[in-house]
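Please keep the structure in view while reading.

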Amino acid sequence: MPTTTTVLIVGSGPTGLTLALDLARRAVEVTVIDKAARFPRSSRAKGPNSRSLEVLEDLGVIDEVLAAGAAPLPMRKYRGGVAISDAAPFADVRPTPDSPYALPRTVAQWRLEEVLRDRLATYGVRVGLGAELVGLTQDDTTATAVLADGREIGARYVVGCDGGHSAVRKLLGIPFEGKTDETQMMVCGDVEAEGPDRGFWHQWFDEDGAVMLCPIPGTRSGWWFQAGPETDASGAPVPPSLESFQRLFAKHTGLPGTLLSQAALLSTYRVNERMVDRYRVGRVFLAGDAAHVHSIAGGLGMNTGIQDAYNLGWKLARVASGQADPALLDTYEEERLPVAAAVLDVSAERLRVTLEAIKKPGGGLDAANAPLPHGPGSGYPWSSLARLGATPRLRAGDRAPDAPCRHLATGTPLRLFEAFTGPHFTLLGFGTGTAPELRQASVAYTGALRAYGVDAGAYGEDAGGACGLADDGGHAHSAYGIAPGEDALVLIRPDNHVGLIVPAGELRAVGEYLNAAALERA
């Protein structure tokens, strides 16, 4: 007999772990498997961008992630082995009241995965290693995964987070349309290196290639190594190895190749731009690289996967727990498929600009790593869940901004992101005219919704569950585009996007949103 679970996640990279953690905190039974025999100690992706950091805050791991990483480093560029310029694409970027994580964080992927696994373990969920998926069937109630060792796992839903070579995608027969550019190839790895200044991302360019070394945070002498491939006498690429890395390093830097040692994650990277035409077949979904791969320019790959998972998590949880109609799951593809297409366009353009730039003296990876505050997909204004309303600064479907406020009952600071944290919907009421509706909503939707009044009167936790906030600096009003003295209700989805914006007196619209067939069963 197969073992059973509510949601089976195939793949335990950042995408799969984000989804598992989001489901586990919502009390959804989740099983995570991975075909690897052990957890990797390779870095691969260089870290979460600002939007992913917001997701990680909501999941309760932001302090650990920030401690494990570092701010983006300046880039030191060389020609002919001589340092010619330094560039700092993020030098002028500062956090703002509505965007506290303006800077991305450089974190080794293995360390980010450790943080997510540790948090997941507090919910009693651990990754099952050595579990290779070889078969997948489904009927009206169950999807059944068959493993290479003969075990079977039955689940109400399966999510493939198993990377660009996804077994889930292949078993579903979903095409992975796009192209592979064989002319744009790099070798990559993690190496130990002594000598280069760890305060810089070093980039050596010349007419026939490049070598890049970026220090890995949390290590004493670990570096990310990237280079154009070495070729043999026939022009064929030489398989990556420590010896090959040493030869490439010596050739392009003029430094001894023996400065490099202990290479790991030896791989050859070709620029792939591919994506699926659907994210779902019945009870099976795709997320992350299983659904889309693209150029590494801009560092959008892992981040797009994390945000896929964040979009899907609350929807799966509400449907699996019987709170929502299964039609809600259709909005996952509706919202995330256009984002995948946008990511392919952005990364392709950044790669083009970067390849042009490195041909010029002083050029480098600046364009590929320039600030992109929230990445493609910071909002879903086209979504059927973006029901109603707009202000001069915000539309239904947009990412909900942060803002510093003051808790009226305790007098302590409380950011809006802290109010949003958790699996609930959030109702913000701006202005005193919204106070009665906030009280009514907090009682009517206890457990599913938390209500906060922003300058809505001096009432606290004892006022029907609604909580009063003071917008002393006016940052909340500014971020949400609501004038002082104006009364408005803003409903925030569990994934911190705006569901609707209505004037005071329109609580019925909030109720209709929460009780709509696609959101909650009667």
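## Helix α12 and its cover

In this predicted model, helix α12 spans residues 507-515. Its buried residues are Leu507, Ala509, Val510, Gly511, Tyr513 and Leu514. An α-helix has 3.6 residues a turn, so residues three or four places apart point the same way.

Several elements cover the buried residues of α12. Among them are the strands β19 (425-430), β20 (449-454), β22 (488-492) and β23 (498-503). Helix α10 (435-444) is also part of this cover.

## Ring pairs

The count of aromatic pairs in the model comes to ten. One of them joins Trp204 and Phe249, whose ring centres are 5.7 Å apart. Their planes stand at 80 degrees, and the cut-off for edge-to-face is over 60 degrees, so this pair is edge-to-face. Trp204 has a relative accessible area of 2%, and Phe249 has one of 1%. Buried means under 20%, so Trp204 counts as buried, and Phe249 is therefore buried too.

A further pair is formed by Tyr279 and Tyr332. Their ring centres are 5.2 Å apart and their planes meet at 65 degrees, so this pair is also edge-to-face. Tyr279 sits in the loop between β13 (260-275) and β14 (280-281), while Tyr332 belongs to helix α8 (residues 330-357). The two are 53 residues apart, and the pair links distant parts of the chain. Both Tyr279 and Tyr332 are buried. They also belong to a cluster, in which ring pairs link Tyr157, Tyr279, Phe285 and Tyr332.

## Charges over rings

Which ring lies under the charged end of Arg41? The ring is that of Trp110, and the charged end is 3.6 Å from its centre.

Arg387 is placed over a ring as well: its charged end sits over Tyr513, 5.2 Å from the ring centre. Tyr513 is one of the buried residues of helix α12.

## The chain as a whole

The chain has 522 residues, and 54% of them are buried. It contains twelve helices and 23 strands.

Of the contacts with a separation of 6 or more, 68% are between residues 24 or more positions apart. The accessible surface of the chain is about 20700 Å², and carbon and sulfur atoms account for 53% of it.

How values were computed. Residues are numbered from 1 along each chain as its sequence is written. This is a predicted model: local features need pLDDT of at least 70, side-chain atom pairs count only at pLDDT 80 or more; totals for chains, interfaces and linings use all residues. Side-chain values use heavy atoms; hydrogens and water are left out. Helices (H or I, at least four residues) and strands (E, at least two) are DSSP runs, numbered from the N terminus. Buried means under 20% relative accessible area, exposed over 50%, partly exposed in between (1.4 Å probe, protein chains only). Contact means heavy atoms within 4.5 Å. Accessible areas come from the Shrake-Rupley method with a 1.4 Å probe; for residues, only the protein chains shown count as cover. Rings of Phe, Tyr and Trp (its six-membered ring) pair if their centres lie within 6.5 Å; planes under 30 degrees apart count as stacked, over 60 as edge-to-face and the rest as tilted. A charge sits over a ring if NZ of Lys or CZ of Arg is within 6 Å of the ring centre and within 35 degrees of the ring normal.
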